[in-house]
Each structure stands twice: as structure tokens, then as C-alpha cells.
Amino acid sequence: MTSTRVLFIGGTGIISAAASALAIERGVEVTLLNRGSSRRAPHPGAEVLTADIADAEAVHAVLGSREFDVVADMVAFTPEQVQRDIDRFEGRTGQYVFISSASAYQKPVSRLPITESTPLRNPFWQYSRDKIACEDLLVEAYRSRAFPATIIRPSHTYDKWSLPFFGGWTVVDRMRRGAEVVVHGDGTSLWTLTHADDFARGFVGLLGNPLALGDAFQITSDFVYTWNEIFAIMGAAAGATPRIRYVTSAAIEAAAPHTAGEHLGDRAHSVIFDNTKIRALVPDFAPVIPFHTAAREMLDHHDAHPELQVTDPAFEALFDRLVASAS
């Protein structure tokens, strides 16, 4: 019996690094196609091909006419990029997996918990609208000619490399210095945080699964926190007590127009997800990593790697302005 052959386009990001590692652990034959520029080293058990997916000639040079049981694109964000994949891999793979986003679900949220049948509509964030357009393209391709697409909708997925809030390490640095940190709204909206290792169990269970073709699945944790709790947990892990300044999401986006939609189209809304559908196909999917445990791992990792402790002067200035305007 031959092993499943999977091509990850990407393979070294938060989601894809954990998924490719678990796939290799389970005996999947994993090939990574990326530019080779990630700060994370690829898994030693993976075949690594170096090319920019946007460079058709370079991709052809490393892939040729190879076929895969599964192609998973972790870095497609627009319909044009998905159409490129359809043109390249149709007839050459038994399953094409697209990473969409739970931010595509309707905003404002009309009811909880969110399921895969919740309508897709986000008037606030272009990123989400692009993901919806990608999904529409794949649904049409499946319906018209059985293109073997599977759509995955992760919510906020993290690992030890990634900090869970707007501003990244600048926020931790402010906590430790005793400077005020900005929290949107009043900090009581609910947010689901999913560790990448938990996500990977659901994701890998869908690879090569014929019951997943033509369908969409959300893969999220069952751990839900208020933003006040998230900041308190991170503060405790950092050895600090956060001094919080509440600012409306609208004020944050007005002060930082380059982030338009990230709050009003995502973080500002309470999100709780029903994972019944993924569990039906992947019975061993069971999130087990709570954020308070992961937060300590996250801070330990950053403290052990000073090169990751990068503060952003633009965020520092933004937070100072927001704190001053809310005083």
C-alpha cells in the first residue's frame, strides 16, 4: 500500500507547519513548495521544492507534470490565485484543499454558535470578501465539473511563534514597561483561540478523505475567552499586570486605516463555533491545548529568542495616540 502524496503550497506557516509535521508523523508523503524564505525551517521529513507559486515557469521547472493525491494551498488569498491552482492541478490531484477563513462568516454575527451553514458576508473586510470569492469559484468548479475541492475555515490559529493580539510584541513590551495597552470595545466580546497542533489533527484527518470533497469545514478550538481574559493570561505569562485602556473598534480603525476591517470585520464580534461537522469525519479531532498553557510556551519561546522581540515604532505611536485620545 502506497502512502498518500500531499503537496503543501507553503508549508512553513502557523497552520501549515503543524499540519505538515503531523502528516509526516502519520506516514504521509509530504512535499513543500515555497520560496524558501520563512524564518521556520521546513520539517526534515518533507521534500522541499523552492519556487514562487506566482512564477509559472519556476513552478513548472520544479513540479513538471507530477501528480499528487492532495494539493493544499496555504497561501491563496484571491480568486485569481485559486483559478491559477485550478488551471495547474485539475486532473493532477484527487483533492484540492483551500484555506479560507472563519472571518468570512456574516458580520455582524446574527446567532451563535457559528456553523458551516452560517451565511458568508463581511462588508467590513476586503480580506474576507476575497476569501468568499475564492470559495464561490471552487463551489462552481465542483458543481459544474466535479473539481475535487475541500474548503477549510480556520478561525484565529496560533503557535509559539505568534502573539494573539493587534500589535504583536509591542503589546508585551508595553505590558512589561507598565505602559497602557489598548483593548477594543470593553474587552468582554468572546473570542476562540485555536492552537495549531489542535487544528492539525482535524486538517490532516481530511486529507485524502473522499467524504470531504465538495464540502466546507470549520476547524476551531472549543476554548473561548473574553479579550480581557486573553490580555490577563498573556500578562501573567509575561510576568506583568496589563494596564488596559478601552478604545472602540471604530476609533482604532480610524487611527490605523491600513488595518481597515480587522476589528470591525473580525475581532469586535463574539465568535463561538460548532465543530460537529469536522468531528463526524475526523473522530479523533479534540482540541486539548488551552490558551493559558500555550501562552507560557509562547512567552518562553520569545524570551529565549531575542531576535523575535521586535517592537514596532508605528504601533507604539498608534497606541500612545489611542490612549491619549481615550483619556
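Of the elements, α1 gives the most, with 5 residues. By class the lining holds 8 nonpolar, 5 polar and 5 charged residues. The space in this second largest pocket is about 310 Å³.

Before I go on, what are we looking at? This is a predicted model, where local features need pLDDT of at least 70 and side-chain atom pairs count only at pLDDT 80 or more, while totals for chains, interfaces and linings use all residues. Residues are numbered from 1 along each chain as its sequence is written, and side-chain values use heavy atoms, with hydrogens and water left out.

Now some terms. On a 1 Å grid over the protein atoms alone, a pocket is an open set of points with protein on both sides within 12 Å along at least five of seven lines, a cavity is a set where a 1.4 Å probe fits but cannot get out, and lining residues have an atom within 4 Å of a point. Points are joined across faces, edges and corners, and a volume is the space filled by probe spheres set on them. For the classes, Ala, Val, Leu, Ile, Met, Phe, Trp, Tyr, Cys and Pro are nonpolar, Asp, Glu, Lys and Arg are charged, and the others, Gly among them, are polar. Helices (H or I, at least four residues) and strands (E, at least two) are DSSP runs, numbered from the N terminus.

About 70 Å³ of space lies in the largest cavity. Its lining includes Phe 165, Phe 166, Trp 227, Phe 231 and Phe 319. At least two lining residues come from each of β8 (180-184), α7 and α9 (263-267), and β8 gives the most, with 3. The lining of the largest cavity divides into 8 nonpolar, 2 polar and 1 charged.

On to the sheets. Two strands pair if DSSP finds at least two bridges between them. There's an open sheet of 7 strands, with parallel pairing, in the order β3-β2-β1-β4-β5-β6-β10. Its edge strands, β3 (47-50) and β10 (215-219), each pair on one side only. Neighbouring strands there are turned by 20 degrees against each other on average, direction ignored. (Axes are lines fitted to C-alpha atoms, for helices over the stretch in contact, and angles run from 0 to 180 degrees between N-to-C directions.) At one end of the order, β2 (residues 29-34) pairs with β3 in the parallel sense over 4 bridges, and Leu 33 stands opposite Leu 49 in β3.

Another open sheet has 3 strands, β7-β9-β11, with mixed pairing. Here β7 (156-158) and β11 (224-226) stand at the edges with a single partner strand each, so one side of each has no neighbour in the sheet. Strand-to-strand twist averages 45 degrees in this sheet. β7 and β9 (residues 190-195) run parallel and are joined by 3 bridges, with His 156 opposite Leu 193 in β9. Helix α7 (residues 227-238) lies across β9 and β11, at about 90 degrees to β11; contact means heavy atoms within 4.5 Å.

How many aromatic pairs does a search of the whole structure find? It finds 13. Phe 8 and Phe 203 have ring centres 6.2 Å apart and planes at 40 degrees, so that pair is tilted. It links distant parts of the chain, since Phe 8 sits in β1 (residues 5-9) and Phe 203 in helix α6, 195 residues apart. The rule: rings of Phe, Tyr and Trp (its six-membered ring) pair if their centres lie within 6.5 Å, with planes under 30 degrees apart stacked, over 60 edge-to-face and the rest tilted.

Last bit: backbone. Most residues other than glycine have a negative phi, and most peptide bonds are trans. In this model, a cis bond joins Lys 107 and Pro 108, with omega about -5 degrees, and another cis bond joins Leu 112 and Pro 113, with omega about 0 degrees. Pro 108 is in the loop between β5 (96-99) and α4 (126-145), and Pro 113 is in the loop between β5 and α4 too. Ala 146 has a positive phi, near 60 degrees, and is found in the loop between α4 and β6 (149-154).
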